[in-house]
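Me: Please take a close look at one part of this structure, starting from a single side chain and its surroundings. Then connect that part to the rest of the chain.

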Amino acid sequence: MSELPRWFELGVRVPVGWCELVAEALGAKFAHGVAFGAPSLASEPLPEGVELVRVYAADGRGARELAASAREVLDGLAAATEAPELAGLDVAVRELPPEDFARSWEKRWKPFRIGRLAIVPPGSKRPLRAGDRPLFLEPGGAVGTGRHTTTRSCLRALQRRIRGGERVLDAGAGNGVLAVAAVLCGARSAVAFDNDPHALPYAEKLAADNGVAEACDLRAGGFEVLAEHERAFDAVFANIYADLIQRYSPELASRLAPGGWFVFSGCHRDHRSATEAAILAAGLAIEQRASTGRWDTYAGRRVR
Ligand SMILES: C[S@@+](CC[C@H](N)C(=O)[O-])C[C@H]1O[C@@H](n2cnc3c(N)ncnc32)[C@H](O)[C@@H]1O
């Protein structure tokens, strides 16, 4: 009988915004699964601005050799990006007993919290903190786990601004997480669309799992799915790439009521000046820019 492999978890504390890059680099080297965040909602909270990247590796070598090999990858990444945020990251390695491994990598998507939203799998009976709002999200699927830096940044921004009763528009909705979160946080209704034909069933399931299907009008397609008269939204979200924000800012602004607010993300910082110019030219005021790693998220209002 062949010997069972030894399994290890490599944990790296990474400044928020750089997690995907670190996960990609370590995942490419060890290629057995990556997870973000603390292992459970009950775990010791991480310091502000820091995220935990956990990588799973089966290896015949010991923890010390794995840690050295992971450090080499991280040093290479820091050198290639010249990002000070990635310099000197440390790796903690622990060997997993087989049953621990099965729990931590086969179910590698873990609940996480953004503001008062606790993002948990459907049917979860996990005890939450007082004041938490559960958002039930099925892990997996091609259109998002809700964990991407830009999604989290939008979820944070929209929770800060929502007052209750809003009609919101979510352009490039993916799995509909922003629209559903907005309704859970008090918005009256959401129109959400995405031109990826695979996205709609995920968004429909998310809305149903969260009991907000009736408030969510989910559509497959691009901006053409909006009728001419569908305007005066109280809030507009668009977590799409910088070039699309630049192209669609006038359209997005025209769908907002005067004074209505927006959250735009997915904007690579290399395109910052062109993106900001396009947003301002569309008659929107930028009230906040949150930068996490390579990504900028903008929030503000329609001023004309
Ligand atoms: C980064 S994902 C964001 C998904 C989700 N809103 C979130 O925040 O996690 C961007 C989404 O925009 C969609 N998209 C890109 N261009 C679009 C367009 N012109 N019309 C509609 N959807 C578009 C993509 O298919 C993709 O699902």
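Reply: Start with Phe 223, which has a relative accessible area of 14% and is therefore buried; buried means under 20%, exposed over 50%, and partly exposed in between, with a 1.4 Å probe and protein chains only. The model is predicted, so local features need pLDDT of at least 70 and side-chain atom pairs count only at pLDDT 80 or more, while totals for chains, interfaces and linings use all residues. Residues are numbered from 1 along each chain as its sequence is written, and side-chain values use heavy atoms, with hydrogens and water left out.

The ring of Phe 223 is stacked with that of Tyr 248, because the centres are 4.1 Å apart and the planes are at 20 degrees. Rings of Phe, Tyr and Trp (its six-membered ring) pair if their centres lie within 6.5 Å; planes under 30 degrees apart are stacked, over 60 edge-to-face, and the rest tilted. Phe 223 sits in the loop between strand E10 (216-220) and strand E11 (233-239), and Tyr 248 in helix H7 (residues 242-254), so the pair links distant parts of the chain, 25 residues apart. Helices (H or I, at least four residues) and strands (E, at least two) are DSSP runs, numbered from the N terminus. With a relative accessible area of 24%, Tyr 248 is partly exposed. Phe 193 belongs to the cluster that ring pairs form with Phe 223 and Tyr 248.

The loop between E10 and E11 also holds Ala 232. Its phi is near 60 degrees, a positive value in a residue other than glycine. Ala 232 is partly exposed, at a relative accessible area of 40%.

The structure holds five aromatic pairs. One of them is tilted: the rings of Phe 237 and Trp 261 have centres 5.8 Å apart and planes at 45 degrees. Phe 237 is in strand E11 and Trp 261 in strand E12 (residues 256-268), so this pair ties together parts 24 residues apart in sequence. Phe 237 and Trp 261 are both buried. Elsewhere, Arg 167 lies over the face of Phe 233, 4.7 Å from the ring centre. A charge sits over a ring if NZ of Lys or CZ of Arg is within 6 Å of the ring centre and within 35 degrees of the ring normal.

Phe 237 leads on to the packing. Among the residues with the most contacts inside the largest nonpolar core, of 36 residues, are Phe 237, Cys 216, Leu 155 and Ile 119. Such a core is a set of buried Ala, Val, Leu, Ile, Met, Phe, Trp, Tyr and Cys residues joined through side-chain atoms within 4.5 Å. Helix H5 (residues 177-184) gives the most to this core, seven residues. Leaving aside residues up to four places away in sequence, Leu 155 touches residues including Ile 119, Val 177, Leu 178 and Ala 181; contact means heavy atoms within 4.5 Å. Another core, of 26 residues, lies apart from it and includes Val 12, Leu 26, Val 55 and Leu 77.

Leu 77 is one of the buried residues of H2, together with Leu 74 and Val 73. The buried residues of H2 pack against strand E1 (7-15), helix H1 (19-30), strand E3 (50-58) and strand E4 (91-96).

As for the whole protein, it has eight helices and 14 strands, and buried residues make up 50% of its 304 residues.
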